[in-house]
Amino acid sequence: MTASQPPTHPLSAADEDAQGEVSSRRLFITLALVLVVSMVLAATMGNEVLRINRQHSDLYDTRGHLDNFFKLLCDAETGQRGYLLVGGPKYLEPFTAAEGRLATERAALIAEADAGRIERHELDALFAAADRKMDELRQTIRLYDTQGPAAAMEVVRTDTGRRVMDEVRLHTQTIMRTIAERRAELQRRRDSFSHARTVLFVAVTLVNVLCLYRAFRLLKKQAARRRRAAADLARQTHLLDTTLRSIGDGVIVADTDCRVTFINPVAAKLCGWDAAEATGRRCEEVFRIVSEETRQVVENPVEKVVRTGTTGSLADHTLLVRRDGTEIPIDDSGAPIRDEHGVLHGVVLIFRDFTEHKKTEAALQQARAAAEAASRAKDNFLATLSHELRTPLTPVMMTLSAWEADDTLKAGTADEVRMMRRNLDLEARLIDDLLDLTRIIRGKMHIKLERADVNALVAAAEQMYENDFRSKRVSVDVRLDARESFALIDPARFQQVLWNVLKNAMKFTPAGGKIRVLTEQNDGRLRVTVTDTGIGMSPELLARLFRPFEQSDELRVRRQGGLGLGLAIAKALIERQNGTITAHSAGVEKGSTFVIEVPSAGGAPADTGAPAQTPDRPAAGTRLLLVEDHADTALALSRLLRKNDYEVLIAGSVAEAADVSDRETVDLLLSDVGLPDGTGVDVVKRFREKSAAPAIALTGYGMEDDVQMCLKAGFTLHMTKPVNFTKLLETIRTLISLRA
């Protein structure tokens, strides 16, 4: 320092640190106050928004109850119309069900009115109209039951029911408008609070930004920290450079003029350039890309990032053209390089060779296509196999069914007929098991739940195998201890489960053994327990018992036979009915126990007192058209139908069926699906051009898609071969009777 220069007194490092500490403390207090105030305000607004949301949701529930109430009135009217038009207790079920549930929905709406969500006087007006509507429906049903359809229809023609229903609809719409207005008001309040909260967040953010800016200014004054930051930056730059050079992907860094400033060894190798040669060149010269599909030049991603200032990536099917002209598929992403002020200084481009990935993807697509083709081939094979196996069984099954129903057969002959029919049933069941397994795997198993008596189904299943139990000398003890034995199940599928379990118990129980079947209640569920004294199961077999095609050891399989599908299908079916099936055994030669459980549905239904109706015998001259190319089936079926007073016309192809239907008038069509010159779909479509008579598809194709195809084409029903002739006869009589 010279004499002419005045002495300076710079702040010491300690003073700078002290000033920085004071400023930091003030800054922290400011931020803390802003945070506390914003949290309190945000919480208050949030609670109000939640309260509004709850009110909004409550109004949605109110609307739901109102919708349900109106729909129940519609269901009741539908049931009444069906009952008046067709008759029969089952058509009145929608009315009965709706009548029972209306009281529940009425109570729910009253509760909503008490809570202030709807006006009570509007609700009372709706209830009054609804009561008049229900009185009108009950009156017509009562007149139908006491004075006949004509008296009931006379009341319907007065149009009183429609006017009352219009009044119900008007009151419903009035309440709906009130609910909508209240929901709109809540929405406006919620939007207002949301807007206020947004303003609060913006204000808090601005304050935070200002505080952060002040903090930045404080940090900027500290020279020592700047020097340390510069040293750290240098180390980080060196580390970044080393990382980019050693990274497994190709990396190119370019400036805002799209010239290469850095290229790592991987990128240089992929592009076919030397790193020193590539540096300074324009990116589109080093990194040349074209579309694999159009062969057109694709916009360079570096230029795109410089132009838009945003991160981007290449589209699929992009090729990198190397310096020597060879091409490789790539995937890339480009991102802008900005400084702390957001100023763009360049672009970093990262890309990789996608050759192996595309090969793997192509292989996966081929494998997927092959698997789908194999699945389709398997389904087609099963459908064809089912048809080919069922078709020759059909004439035999029909003939045996007719013989079995013949009371004039001798006792010994009748027993032999029943034995042959049971074995044919078993053969058909094996085919059905294969198809059921396919339906289960594809998720197309149709289950129709209804209220059914489990005790009755158990008793029927035991009776079905009664002769088999007797012939094998296996005693069966059935105890139906469940007093409230009704459950919501699919009766046919539930009985199939029972058959499979009983058949399994009979198969593996030696002569002289015992089987016990017990039904009982268990905490709101119905339990069916089947216990046998048979060969039992090892823990290893229990672990895989319900898997398809799983069986016991090879020796027992040869002795007992079977495909190993019954229990797997039983498990899938019972689970689709919201039930469970489990198996237990103390070990080999110690017997087995199977437990089936389904949700209980209470006791027996009310007796409607309606007598069962049996279809009448056909009127003289009732004519059927049978389209069947299998000669034995056509011969057996036509003979049996003629014995039951039907006139039968036979066609063996689509062309013959068209010729007969053009010349003759028939009352019902029976057609196979697989025909020499087409399908049964062709037959029924031609038939529907001239006739609305019932049509039954009688075929060995029993997959779900086959059923839907037949029904969509115009068939009234689909029946899978082999068909029990008695069941077929009842079906034919019912369809003809309904049409008459």
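The following legends accompany close-up views of a predicted model of a protein chain.

**Figure 1. Overview of the predicted chain and its confidence.** The protein chain has 740 residues, of which 39% count as buried. Its secondary structure comprises 23 helices and 21 strands. Among contacts with a separation of 6 or more, 69% are between residues 24 or more positions apart. The accessible surface amounts to about 41000 Å², and carbon and sulfur atoms contribute 55% of this area. The average pLDDT of the chain is 80, and 79% of the residues score at least 70. Where pLDDT is low, the predicted coordinates should not be read in detail.

Figure 2. Helix H1 spans residues 13–86 and includes Thr62. Thr62 counts as buried because its relative accessibility is 1%, under the 20% limit. Apart from neighbours within four places in sequence, Thr62 is in contact with Leu109, Glu112, Arg117, Ile118 and Ile179.

Figure 3. Leu33 lies in helix H1 and counts as exposed, at 56% relative accessibility. Together with Phe28 and Ile29, Leu33 makes a nonpolar surface patch of about 340 Å². Leu35 is also placed in helix H1; with a relative accessibility of 49%, Leu35 counts as partly exposed. The C-alpha atom of Leu35 is separated by 7.8 Å from that of Val204, although the two residues are 169 residues apart along the chain.

Figure 4. The whole structure contains three aromatic pairs. In one of them, the ring centres of Phe69 and Phe127 are 5.6 Å apart and the planes are at 55 degrees, so the pair is tilted. This pair links distant parts of the chain, with Phe69 in helix H1 and Phe127 in helix H3 (residues 120–147), 58 residues apart. Phe69 counts as buried at 1% relative accessibility, and Phe127 counts as buried at 6%. Phe287 and Phe351 also form a tilted aromatic pair, with 4.8 Å from centre to centre and 55 degrees between the planes. Here the partners are 64 residues apart: Phe287 is in the loop between helix H9 (283–286) and strand E3 (288–291), whereas Phe351 is in strand E7 (residues 344–353). Phe287 has a relative accessibility of 1% and counts as buried; Phe351 likewise counts as buried, at 0%.

Figure 5. The structure holds 40 salt bridges. Side chains of opposite charge can pair when their charged atoms come close. In this view, the side chains of Asp166 and Arg162 meet in a salt bridge of 3.0 Å, N to O. Because Asp166 and Arg162 are four residues apart in helix H5 (residues 160–220), about one helical turn separates them. Asp166 is partly exposed at 33% relative accessibility, and Arg162 is partly exposed with a relative accessible area of 44%.

Figure 6. Arg527 and Glu520 form a salt bridge in which the closest N and O atoms are 4.0 Å apart. Arg527 counts as partly exposed at 24% relative accessibility, as does Glu520 at 25%. A salt bridge of 2.9 Å, N to O, joins the side chains of Lys690 and Asp662. Lys690 lies in the loop between helix H21 (680–688) and strand E20 (695–699) and Asp662 in helix H20 (residues 654–663), so this pair ties together parts that are 28 residues apart in sequence. Lys690 is exposed, with a relative accessible area of 59%, while Asp662 is partly exposed at 35%. A network of salt bridges links Arg623, Glu647, Asp659, Arg663 and Glu664.

Figure 7. Helix H23 covers residues 725–739 and contains Thr731. The relative accessible area of Thr731 is 15%, so this residue is buried. Not counting residues up to four places away in sequence, Thr731 touches Ile696, Leu717 and Met719.

Note on methods: Residues are numbered from 1 along each chain as its sequence is written. Side-chain values use heavy atoms; hydrogens and water are left out. pLDDT is the predictor's confidence in each residue, from 0 to 100. Helices (H or I, at least four residues) and strands (E, at least two) are DSSP runs, numbered from the N terminus. Buried means under 20% relative accessible area, exposed over 50%, partly exposed in between (1.4 Å probe, protein chains only). Contact means heavy atoms within 4.5 Å. Accessible areas come from the Shrake-Rupley method with a 1.4 Å probe; for residues, only the protein chains shown count as cover. Patches are made of residues with over 30% relative accessible area and no salt bridge: like charges are joined within 9 Å, nonpolar side chains (Val, Leu, Ile, Met, Phe, Trp, Tyr) within 5 Å. Rings of Phe, Tyr and Trp (its six-membered ring) pair if their centres lie within 6.5 Å; planes under 30 degrees apart count as stacked, over 60 as edge-to-face and the rest as tilted.
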